[in-house]
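This report describes one structure and moves from individual loop residues to the packing of helices and the nonpolar core. The sequence and the model are shown first.

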Amino acid sequence: MDDLELYYQPTCPYCLKVLRFMEANGIDFEKKNTMDADNRARLLKVGGMNQVPCLFIAGKPLYESNDIITYLRNRYLS
């Protein structure tokens, strides 16, 4: 299984879109709220941007909610 981490902000509509997709499809893995300074700092250090949502797949960032949902759909629902 992939090493997955989702960086999100609770007030971001694109993050909520991804989180709702995950919930609706029973997909669960580690989620990191970027309101926490340590999580935000790691997102910037590893991903190079503060953009959320960001899905780290084995340490590599994937941005954009539609791209994240497509990845999750292919990985978990195909």
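In this predicted model, Met49 is in contact with Leu43, Leu44 and Tyr63, once its neighbours within four places in sequence are left aside. Met49 belongs to the loop between helix 2 (37-47) and strand 3, and with a relative accessibility of 36% Met49 counts as partly exposed. Between the C-alpha atoms of Met49 and Pro61, which are 12 residues apart along the chain, the separation is 9.6 Å.

Val46, a residue of helix 2, is likewise described by a partly exposed state, with a relative accessible area of 35%. If residues up to four places away in sequence are not counted, Val46 touches Phe56 and Gly59, and the C-alpha atoms of Val46 and Gly59, 13 residues apart along the chain, are separated by 7.7 Å.

Is Thr34 buried or exposed? Thr34, which sits in the loop between strand 2 (30-33) and helix 2, has a relative accessibility of 6% and therefore counts as buried, the cut-off for that class being under 20%. Apart from neighbours within four places in sequence, the residues in contact with Thr34 are Tyr7, Tyr8, Gln9, Asn39, Arg40, Leu43 and Val52. For one of these residues, Tyr7, the C-alpha to C-alpha distance from Thr34 is 6.4 Å, while the two are 27 residues apart in sequence.

The C-alpha separations given above are collected here.

| Pair | Separation along the chain | C-alpha to C-alpha distance |
|---|---|---|
| Met49 and Pro61 | 12 residues | 9.6 Å |
| Val46 and Gly59 | 13 residues | 7.7 Å |
| Thr34 and Tyr7 | 27 residues | 6.4 Å |

Most residues other than glycine have a negative phi, and most peptide bonds are trans. Against that background, the peptide bond from Val52 to Pro53 is cis, with omega near 0°, and Pro53 has its place in the loop between helix 2 and strand 3. Ala58, although not a glycine, has a positive phi of about 50°; Ala58 lies in the loop between strand 3 and strand 4 (60-63) and is exposed, with a relative accessible area of 54%. Glu64, also not a glycine, has a positive phi of about 80°, and this residue is found in the loop between strand 4 and helix 3, where Glu64 is partly exposed at a relative accessible area of 44%.

Turning to the helices, how do helix 1 and helix 3 pack, and at what angle? Helix 1 (residues 13-24) and helix 3 (residues 65-76) pack at an angle of about 15°, their axes being 9 Å apart. Since angles under 35 degrees count as roughly parallel, helix 1 and helix 3 are therefore roughly parallel to each other. The crossing in which helix 1 passes helix 3 is right-handed. On the side of helix 1 the contact is made by Tyr14, Lys17, Val18, Phe21 and Met22, and on the side of helix 3 by Ser65, Asn66, Ile68, Ile69, Leu72 and Arg73. By class, the residues of this contact comprise seven nonpolar, two polar and two charged.

The largest nonpolar core has 22 residues, and those with the most contacts inside it are Leu6, Val18, Met22, Phe29, Leu55 and Leu72. At least two residues of this core are supplied by each of strand 1 (4-8), helix 1, strand 3 (54-57) and helix 3, and helix 1 provides the largest share, five residues.

For Leu6, with neighbours within four places in sequence left aside, the residues in contact are Val18, Leu19, Met22, Phe29, Glu30, Lys31, Lys32, Pro53, Cys54, Leu55 and Ile68.

Methods. Residues are numbered from 1 along each chain as its sequence is written. This is a predicted model: local features need pLDDT of at least 70, side-chain atom pairs count only at pLDDT 80 or more; totals for chains, interfaces and linings use all residues. Side-chain values use heavy atoms; hydrogens and water are left out. Axes are lines fitted to C-alpha atoms, for helices over the stretch in contact, and angles run from 0 to 180 degrees between N-to-C directions. Helices (H or I, at least four residues) and strands (E, at least two) are DSSP runs, numbered from the N terminus. Angles under 35 degrees count as roughly parallel, over 145 as roughly antiparallel, 65 to 115 as roughly perpendicular and the rest as oblique. A crossing is left-handed if the near helix is turned anticlockwise from the far one by less than a right angle, and right-handed if clockwise. Contact means heavy atoms within 4.5 Å. Ala, Val, Leu, Ile, Met, Phe, Trp, Tyr, Cys and Pro count as nonpolar, Asp, Glu, Lys and Arg as charged, and the others, Gly among them, as polar. A nonpolar core is a set of buried Ala, Val, Leu, Ile, Met, Phe, Trp, Tyr and Cys residues joined through side-chain atoms within 4.5 Å. Buried means under 20% relative accessible area, exposed over 50%, partly exposed in between (1.4 Å probe, protein chains only).
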